[in-house]
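Me: Hey, I've got a protein open on my screen and I'd like to talk it through. Can you help me find my way around?

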Amino acid sequence: MRRVLLLVLLLGTLCAVGGSVMAVSALHPTGKTVVLSNLKSYTIVIPKNANAQEKYSASMLAEYFAKIFSVQLPIVREPNKVKGKIINVGNTAAASVAKIKADPREQAYKLAVIKDNLYILGGT
């Protein structure tokens with residue numbers, strides 16, 4: 001159930017716009033809408049010690065980007081260096097450096113965009 005809910009929330013936050021993606025909150029839309037363009041330049045990054053949920057979420061996100069946008073996004077585990085823009089899934093070191101923390105509530109999630117990098121963090 002948690003996997004299905006997480007996938008629905010992730011997909012609910014990404015809306016196709018002419019080959020780009022808008023990141024918006026499906027539950028509490030606040031702040032600015034951000035458009036991620038040139039999707040081929042992105043890499044999905046997971047934490048060094050990614051748990052099963054983070055691995056699953058990253059693989060499902062990559063699968064749906066491929067299905068929806070015909071883009072193959074690589075999944076890289078920290079601390080491997082990545083050139084270009086990133087989509088962080090989970091509590092990555094990059095999220096810590098950017099001072100982004102997960103919402104601790106059960107089934108909650110947080111989206112943040114900093115310098116064209118997308119951060120997706122979930123609660124418990």
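Me: Before anything else, what does "buried" mean?
Reply: Buried means under 20% relative accessible area. Keep in mind that this is a predicted model.

Me: OK, so is Ala 66 buried or exposed?
Reply: Ala 66 has 19% relative accessibility, so it counts as buried, since the cut-off is under 20%.

Me: Where is Ala 66 found?
Reply: Look in helix H2, which covers residues 52-69.

Me: And what does Ala 66 touch?
Reply: Leaving out residues up to four places away in sequence, Ala 66 touches Val 71 and Gln 72.

Me: While we're on rings, how many aromatic pairs turn up in the whole structure?
Reply: The search finds 1 aromatic pair. The rings of Phe 65 and Phe 69 have centres 5.4 Å apart and planes at 40°, so the pair is tilted.

Me: Why are those two numbers given?
Reply: Because a pair of aromatic rings is described by the distance of the centres and the angle of the planes.

Me: How far apart are Phe 65 and Phe 69 in helix H2?
Reply: They're 4 residues apart, which means about one helical turn separates them. Both Phe 65 and Phe 69 are buried, too.

Me: Which residue lies over the face of Tyr 64?
Reply: That's Lys 67, at 5.1 Å from the ring centre.

Me: Switching topic. How many helices and strands does the protein chain have?
Reply: The chain has 3 helices and 8 strands. Along the sequence the pattern reads α-β-β-β-β-α-β-β-α-β-β.

Me: In what order do the strands of the open sheet come?
Reply: The 5 strands run S5-S4-S6-S8-S7, and their pairing is mixed. S5 (75-77) and S7 (109-114) stand at the edges with a single partner strand each, so one side of each has no neighbour in the sheet. From one strand to the next, the twist averages 20°.

Me: In which sense do S7 and S8 pair, parallel or antiparallel?
Reply: Antiparallel: S7 and S8 (residues 117-122) pair that way over 6 bridges. As one example, Tyr 109 has Gly 122 in S8 as its bridge partner.

Me: What about Asn 117, buried or exposed?
Reply: Asn 117 is in strand S8. Its relative accessible area is 15%, so Asn 117 is buried.

Me: What does Asn 117 touch?
Reply: With residues up to four places away in sequence left out, Asn 117 touches Lys 85, Ile 86 and Ala 112. A polar atom of the Asn 117 side chain also lies 2.8 Å from the backbone nitrogen of Ile 86.

Me: Where is the place of Gly 84?
Reply: Gly 84 is in the loop between S5 and strand S6 (85-89). At 56% relative accessibility, Gly 84 counts as exposed, because the cut-off for exposed is over 50%.

Me: How far is the C-alpha atom of Gly 84 from that of Asp 116?
Reply: Those two C-alpha atoms are separated by 9.7 Å, while the residues are 32 apart along the chain.

Me: Last one: what share of the 124 residues is buried?
Reply: Buried residues make up 39% of the 124. As for contacts with a separation of 6 or more, 57% are between residues 24 or more positions apart.

Conventions. Residues numbered from 1 in each chain as written. Predicted model: local features only at pLDDT ≥ 70, side-chain atom pairs only at ≥ 80, totals over all residues. Heavy atoms only, no water. Helix = DSSP H or I, 4+ residues; strand = E, 2+ residues; numbered from the N terminus. Buried < 20%, exposed > 50% of the residue type's maximum accessible area, 1.4 Å probe, protein only. Contact = heavy atoms within 4.5 Å. Pairing = 2+ DSSP bridges. Axes fitted to C-alpha atoms, helices over the stretch in contact; angles between N-to-C directions. Polar contact = N/O pair within 3.5 Å; in protein donor to acceptor, adjacent residues only side chain to side chain. Phe/Tyr/Trp six-rings, centres within 6.5 Å; stacked < 30°, edge-to-face > 60°. Lys NZ or Arg CZ within 6 Å of the ring centre and 35° of its normal.
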